[in-house]
Amino acid sequence: MLRRLALGTAFALVVGAVPPVVRAEAGNVQVDKVQAEPPAATIEEPTTPAEAVGNSGDDTPAPKPSRARRRRGKSRLHGRFVGRVVPDDKLRKEPLQRPSGNLKIVSAANPGDVASVNIYNDDGSYNVDALEDLNHVLRCRRTDAEKPIDLQLLVLLSHVYDHFGGKPLEIVSGYRNQRKQSSNHFKGRASDIRIAGVSPKKIEAFAETLDRGGMGIGIYPRSGFVHVDVRSPPSYRWTDYSPPNSNAAEKRPPRGWKRKKLES
Ligand SMILES: [Zn+2]
């Protein structure tokens, strides 16, 4: 009974009062700090352009806050990156119902890497084995490092999975053990996804309906995926036209990281 209560509370927090819970889990001390830096309207997503571009490497030049303005100006000129803060009246008002909990994800880089699970136990608590399976597929594909993925993000992914009729979500990028530690990918609360037969536009549009405040959603038309993250408000949206596969330095593993596979 007590346990149920506790779980219920946790669940309510996760689903309802979105931001706070996950924060604690992702160890976001520095998160908020980072996100506070940019004056909301400009750089919104310090982690955005570069980090999110997640395909294989993609994207834009190093995203230092001080370059925000320049990058923005640039994007106007070249149309590479366009982003905006989401006003409150564009956010979802109604509480988000619980998804089925079903979720099938497949690594885009390695299709043999699959997790097909339900994130919930019958009593509504999270299924630990399921979470581990998901964390494994969402691991850093450069270093194979795993990190517990934000539960709130997994709930959102289950909603996406439900909505599109149970087609597997292809994971272009999940956790990234990367140099740029302000990235939501590094924090385990972002994933870049696509779904066979579903346009990124549709995924983006549906993801937006889930946002009660505290989501980042970016679309990458040239790479064909959608970035979804959970973050401290404000919510943010962007389009990034940068080409796939630029191996941005901030996405590379931290300095000093040893390439296990080459050593063995
Ligand atoms: Zn991303």
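Two residues are in contact if their C-beta atoms, placed from the backbone, lie within 7 Å. The views below show a predicted model, in which local features need pLDDT of at least 70, side-chain atom pairs count only at pLDDT 80 or more, and totals for chains, interfaces and linings use all residues. Residues are numbered from 1 along each chain as its sequence is written.

View 1. With neighbours within four places in sequence left aside, isoleucine 193 is in contact with Leu169, Glu170, Ile171, Val172, Ile203, Phe225, Val226 and Val228. A residue is termed buried if 20 or more other C-beta atoms lie within 10 Å of its own, exposed if 12 or fewer, and partly exposed in between. A nonpolar core is a set of buried Ala, Val, Leu, Ile, Met, Phe, Trp, Tyr and Cys residues joined through C-beta atoms within 7 Å. The largest such core has 38 residues, and Leu134, Leu154 and Ile193 have the most contacts inside it. Helix α7 gives the most to this core, with eight residues.

View 2. Helices (H or I, at least four residues) and strands (E, at least two) are DSSP runs, numbered from the N terminus. The protein holds nine helices and eight strands. Two strands pair if DSSP finds at least two bridges between them.

**View 3. The pairing of β6 with β8.** Strands β6 (residues 215–220) and β8 (residues 236–240) run parallel and are joined by four bridges. Glycine 216 has tyrosine 236 in β8 as its bridge partner.

View 4. Helix α6 (residues 128–137) has Ala130, Leu134 and Val137 buried. Seen down the axis of α6, the directions from the axis to the C-beta atoms of its buried residues fall within an arc of 60°, so these residues line one face of the helix. Val128 and Asp129, on the other side of α6, are exposed. The packing partners of the buried residues are β2 (102–107), β3 (114–118), α7 (151–163) and β4 (169–173).

View 5. Which residues of α8 are buried? They are Pro200, Ile203 and Ala207. These residues cover an arc of only 60° around the axis, which puts them on the same side of α8. Lys201 and Thr209 are exposed on the other side of α8. The cover over the buried residues of α8 includes α7, β5, β6 and β7.

**View 6. Leucine 96 in its loop.** Leucine 96 lies in the loop between β1 and β2. Leucine 96 is partly exposed, with 17 other C-beta atoms within 10 Å. Leucine 96 and leucine 156 are 60 residues apart in sequence and 9.6 Å apart in space, C-alpha to C-alpha.
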